[in-house]
Amino acid sequence: MSALPLNLDRLLEVQQFVYREARLQDEHDYDGWEALWADDATYWVPANGDAIDPTREMSIIFDNRSRIATRVKQLKTGKRHAQAPPSRTRRVVSNVELLADDGEELLVGANFAVYESRERGLTVWAGRSTYRLRPTGDGLLMAYKKVELVDNDRAIYTLAFLI
Amino acid sequence: MSTVDATIGWDRLIEHDRVHGSLYTDPAVYEAELERIWYRTWVFVGHVSEVPEPNDYVVKSIGPQPVIMSRDKQGEIHLLLNRCTHRANLVCDAARGNSSAFRCPYHGWTFSNTGRLLGYPFNSGYDGREAKRELGLGRVPRVEIYRGFVFGSFADDGPTLLEHLGDAREALDRLVALSPSGELDLSAGWLQHKVKANWKMLVENETDGYHPQFVHSSIFSVAKSGIGDLYGEESTALSRDLGNGHTENDLRPEFRRIDQPLGWFGTTPDRVPGYVAQLEAANGAEKARELMIDGSPHVMLFPNLFIAEIQLFVIQPLAVDETVQHVTAVQYKGSPDMNRRMLQQTIGSVGPAGFLLADDSEMYERNQRGVHARSPEWVVLKRGTHRERLDENGHVVGDATDEVPQRAIWKHYRSLMEAGS
Ligand code: FES
Ligand SMILES: [Fe+2]
């Protein structure tokens, strides 16, 4: 993919968005995180490779907007045992790159490493996220987020915090 | 005889209504289980639809041991061990593929997908045919298929698969009967969910009707699920010992009482008209209605295949305190409208981020940590002992929330462990 003409304001806005999402996730600000999503959003964490067909194959997460809401509601009950108590997490997001801009949505890529601490021990999660961000009057909204874990074709521990 | 047999008998560790905590934590027990259960009894390996074409293969497992499930060009299924017969390199790297042969990368020995040694480079270094005949890949000596489900046993002889399944084979019949084509398609791929817990924690939980209202209350409350009530005090559902360690939560009494076709799946016939028409065409309207009322089984086939209505789970022990739970969606071959719903519901429910299974897994791991405490030494499985009864087929049944299944699992476990000592 060739580089876009550099629009520094746009890039900064995108970076700030991605960093904010990371912070809201790490701090378990479930409502704040949910507010980042557009009404027609898709949240996808594939399994067994990055290029599968989620309508025919198993994914780790394949949420439409209403399932994102259910996920958040479940976490907020306080009885989501896999997150009660919540994992302590901190993540580093890097390589934020504006990949395309079709006038309606921005295609953004970023890499991440998450350190998750639970009673079980410290688990490291790493991968790449691809976003489609939609500029609106209220700033950017996530229309699509795909999380490609580097180990999505292997056995992994419970992933109940927000990735 | 292992150290476990020498120090304390299995009868001392496993009583009718309680079991000793060390059974989940002692590495010597785990080693003994590998020999006496995982490498002896019938273990589910895979489904024929995972290797649909000639020369397809997929890497599966029996316990911690990887096993290549291949279909040869005649269509026959083989279970081969991934170990070069020369100096033990792995002959197969890919998780799946299509190939008539496997070539070892170390010195280039080549094996057919039936396990036969086809050849080796620099021929003159060996004395010809003899070596070739003797040095085929290791194989799981007994392979049997029931309703497309491929089982393997490392024991050269012993009960047949049908003897092992006994009356629990009906669970596979019931599962397949819900497919209008009479076939399942289990090719959606498996999630692999790892937990720091002993494998028996998982087996016992699969047909534990006591936990859903507590462990899953968070999702039941926000998703308005009716599942919780099936496992309540008032439920007419039954827990059942199907023999040979196979156990069941039989929800049919509740579904028949509610009398709502496809209620078992939380939907109604008008939402999946294509599927309903197919099922009626295949079975007639009356029989199709019965099938849609009774729904899909909830049965744990000892030691590793859990049929959970619309999902299949496979339990794989890796160490005394480490287990992988593989899970995929049940798909009825040729029923796209129903399949879409079953797949999406499965993705939401199971695996590392699933609304249900993430919480079950948290319980396995908490149990595993808890059982290390020195006192009390026992795990109590008394629930419902006073109200056990026999059903019309002579199986022990209890109320929905009773620990009939857990007692059944341990009874069979003990017989296998004692038989090996
Ligand atoms: S180890 Fe396989 S060819 Fe030598
Ligand atoms: Fe459960």
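**Two interfaces in a predicted model**

The C-alpha centres of domain 1 of chain B and domain 2 of chain B sit 33 Å apart. The bounds, 44-146 for domain 1 and 166-418 for domain 2, come from an automatic or database domain assignment. This is a predicted model, where local features need pLDDT of at least 70 and side-chain atom pairs count only at pLDDT 80 or more, while totals for chains, interfaces and linings use all residues. Residues are numbered from 1 along each chain as its sequence is written, chains are lettered from A in the order in which they are written, and side-chain values use heavy atoms, with hydrogens and water left out.

Between the two domains of chain B, nine residues of domain 1 are in contact with 14 residues of domain 2 (heavy atoms within 4.5 Å). About 1000 Å² is buried there, 58% of it from carbon and sulfur atoms; this is the accessible area (1.4 Å probe) lost on putting two parts together, summed over both. Zero salt bridges turn up across this domain interface (a side-chain nitrogen of Lys or Arg within 4 Å of a carboxyl oxygen of Asp or Glu).

Now for the chains: 32 residues of chain A are in contact with 39 residues of chain B. Chain A and chain B bury about 3000 Å² between them, with 55% on carbon and sulfur atoms. On the chain A side, Met58(A), His81(A) and Tyr157(A) lose the most area to chain B, together 22% of what that side buries. Three salt bridges are found across the chain A and chain B interface. Asp359(B) pairs with Arg80(A) in a salt bridge, their closest N and O atoms being 3.1 Å apart.
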